[in-house]
Amino acid sequence: MGLKIYLDGDLVDKDAAKISVFDHGLLYGDGVFEGIRSYNNVVFKLNEHISRLYESAHTIMLKIPLSKTQMSEAVIKTLQENGLKDAYIRLIVTRGVGDLGLDPRKCRKPSVIIIADKIVLYPEKFYEQGLKIITVPTTRNLAEALNPRIKSLNYLNNVLAKIEAVNAGYEEAIMLNSLGFVAECTGDNLFIIKKGTVYTPPQSMGILLGITRDVVIDLARKLHISVKEQILTRYELFNADEAFLTGTAAEIIPVVCIDGRQIGSGSPGQISLKLLQAFKKATENDGTKYNF
Ligand code: PMP
């Protein structure tokens, strides 16, 4: 049996899951999305992802045609229909079909798409050896122009930074903000550790407020590790004892080299590994359960 995709209330075959070329999600990147994971029949932090989706939508004045409860139910139904215990879920709401002008008032009905598929994990060697990453010339969008808190379909800012990293032979890029302070990576938040304290850039640096970021901050505090949201420059990154990235797909990935500078011992650090362990445990029960 092939994959079934949720499309505006129906579960349709993957090959039949199509949207119009006049959808403003395609024409203008006008829409919002979430990336969510389920672990062993539990959707991790589903309520948090749904809340963020609705806040993103509210900000761009996109009225989602489902209540939050209905949306959560639709996610669960899609997982059940596909018999997926462990999955990556892509939830997308587009502005819908309009004309070739960008006026969203022409788009009468937003489209809701839920894709649930097997999770494709990053290569194990990233976790064992740690990532080497670089800062890139493309800065993170100015919050005054397009607030990175909006998880919109307009990811070209991040795509450009990713291209710069890939061109230089790296997997991931650190994006600074327009003032030169550290913001985040193209699809992950960034943390460093110095003398036992965990640091991560605050919201005001212009970042997506990652759900994994929040989980890691909570877990660190529960483990009595001090956490500070603090403005960081490349200098602090270069001189950190440890560094790691957080995101729904990546979970926690250690970083061992930034712009050619070795971080700490050059291997994943002890506190990073401790947090990774605590994170794995949290994913076992911190979410919305479903059955088949
Ligand atoms: N920053 C950006 C730009 C992202 O796209 C993501 C992934 N959605 C993250 C951070 C991590 O967020 P989360 O932990 O909610 O997946």
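Predicted model: local features only at pLDDT ≥ 70, side-chain atom pairs only at ≥ 80, totals over all residues.
How many residues surround the ligand, and which are the closest?

1. The ligand shell. There are 17 residues around the ligand, and K151, Y155, E184, T212 and T248 are the closest. Residues are numbered from 1 along each chain as its sequence is written, and side-chain values use heavy atoms, with hydrogens and water left out.

2. Make-up of the shell. By class, the shell has three nonpolar, nine polar and five charged residues. Here Ala, Val, Leu, Ile, Met, Phe, Trp, Tyr, Cys and Pro count as nonpolar, Asp, Glu, Lys and Arg as charged, and the others, Gly among them, as polar. At least two shell residues come from each of α6 (211-222) and β13 (242-247). Helices (H or I, at least four residues) and strands (E, at least two) are DSSP runs, numbered from the N terminus.

3. A side-chain N or O atom of Y155 is 2.5 Å from an oxygen atom of the ligand. For R52, the distance from a side-chain N or O atom to a ligand oxygen is 2.8 Å. A nitrogen atom of the ligand lies 2.6 Å from a polar side-chain atom of E184. On its own the ligand has 390 Å² of accessible area, and the protein covers 95% of that. Accessible areas come from the Shrake-Rupley method with a 1.4 Å probe; for residues, only the protein chains shown count as cover.

4. E184. This residue belongs to strand β9 (residues 182-185). E184 counts as buried because its relative accessibility is 4%; buried means under 20% relative accessible area, exposed over 50%, and partly exposed in between (1.4 Å probe, protein chains only). The E184 side chain has a polar contact of 2.6 Å with the side chain of R140 and another of 3.4 Å with that of N189. A polar contact is a pair of N or O atoms within 3.5 Å; within protein, one must be able to donate a hydrogen and the other to accept it, and residues adjacent in sequence count only if both atoms are side-chain atoms.

5. Positive phi values. Most residues other than glycine have a negative phi. N41 has a positive phi, near 65 degrees, and is found in the loop between β3 (31-39) and β4 (42-44). M61 also has a positive phi, near 55 degrees, and is found in the loop between α2 (46-59) and α3 (68-81). Are these residues buried or exposed? N41 is buried, at 9% relative accessibility, whereas M61 is exposed, at 74%. The C-alpha atom of M61 is separated by 28 Å from that of P201, 140 residues apart along the chain.

6. D259. The loop between β14 (251-258) and β15 (261-262) holds D259. D259 counts as buried because its relative accessibility is 15%. Its side chain makes a polar contact of 2.7 Å with the side chain of T135.

Key: Near = heavy atom within 4 Å.
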